[in-house]
Amino acid sequence: MSKIKNADLEIYLEKILNGYWVTKEDIFLIMNCDLEKLEEMARVIRNKFIGKKFDLCTIINGKSGKCSENCKFCAQSSHYSTGVEEYGLLNKDTILENAIQNYNNGVNRFSIVTSGRKLSKAELEHISEAYDLIRNNCDIKLCSSNGLLDYDDFVKLKESGVSRYHNNLETSRRFFPAICTSHTYDDKIKAIIDAKKAGLEVCSGGIFGMGENLEDRIDMAFTLRELKVDSIPLNMLNPIKNTPLENMPIMSYSEYRRSIALFRIILPSTSIRLAGGRGLLEDKGRAAINAGVDSMISGDMLTTDGINTKTDLEMIRDII
């Protein structure tokens, strides 16, 4: 049962459109309002602060498996026997070819994602050379996701042409220890702060449906607002066999959309990106886009199949 009338959402909407930043108390009052009303509010906010722009990015699994970390959702953790393909860093020509192909397909951004807590110095050198190669042969924007790097590492990536670094918080500070114990929430926040200090934009979000509640998602949204991140990927858990979360029920689509709409209300002008798990949705995310989204990851995910970029572009043209 909503604590306020749906009509009162208009009051909040008008305040947000005029520059008001909602508080947690505000969100706790409106979070159970009619879903369609919340989505409508989120769309108006998106259109006001972001407009008709839509950002499409792709990722390549640049190094797979054998990760030392024990994140309970992840197929690449060495703590679980998931049968995921394992390999070291891809060669630079393979990465370049993939980046050019995605650029030619209409993708705005491209990221090399690597497994493991962080890259070694030799691995970072290899990745940096790959980024140099891409920027000298293709105009696609470059992002990177290589774990809990240090400030000097972020500087090197920036010098190689990377403009945005990805490091998910995954969930709220309260719930994080139930998901991972091999590194801490503060380790993640330090990496985000160091990346920003190095002059990089930051992409950071999380995964919904791991057993957290709506309040945890709201807490994460406010933490991301405090950190002033630039892009927020919102994943839906795709339970992986032989991980601790393999029997977690799939999150309802309505709960996913409600959470997205609340993120847009909390973060009016930040890019909110559909990410992993979208293939579980019957409409591949169409309704979720209408909950206030302005960007998404297209193509395959790290260890699961994604959605064809051409299909995504056609859907975006229909909606935006």
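K121 is exposed in this predicted model, with a relative accessibility of 54%. Its salt-bridge partner is D153, and D153 is buried at 2% relative accessibility. In total, the structure counts 21 salt bridges.

**K121 and D153**
- The N to O distance in this salt bridge is 2.6 Å.
- D153 sits in helix α6 (residues 151–159), while K121 belongs to helix α5 (residues 121–135).
- The two residues are 32 residues apart, and the pair links distant parts of the chain.
- K121 counts as exposed because its 54% is over the 50% cut-off.

**E39 and R257**
- E39 and R257 form a salt bridge through their side chains, at 2.7 Å from N to O.
- This pair connects helix α3 (residues 35–49), which holds E39, to helix α9 (residues 253–266), which holds R257.
- E39 is buried, at 5% relative accessible area.
- R257 is buried too, at 17%; the label holds because buried means under 20%.

**E255 and R217**
- E255 pairs with R217 in a salt bridge, with the closest N and O atoms 2.8 Å apart.
- E255 lies in helix α9 and R217 in helix α8 (residues 214–227).
- They are 38 residues apart and again link distant parts of the chain.
- R217 is buried at 6% relative accessibility, whereas E255 is partly exposed at 24%.

Definitions and conventions
Residues are numbered from 1 along each chain as its sequence is written. This is a predicted model: local features need pLDDT of at least 70, side-chain atom pairs count only at pLDDT 80 or more; totals for chains, interfaces and linings use all residues. Side-chain values use heavy atoms; hydrogens and water are left out. A salt bridge is a side-chain nitrogen of Lys or Arg within 4 Å of a carboxyl oxygen of Asp or Glu. Helices (H or I, at least four residues) and strands (E, at least two) are DSSP runs, numbered from the N terminus. Buried means under 20% relative accessible area, exposed over 50%, partly exposed in between (1.4 Å probe, protein chains only).
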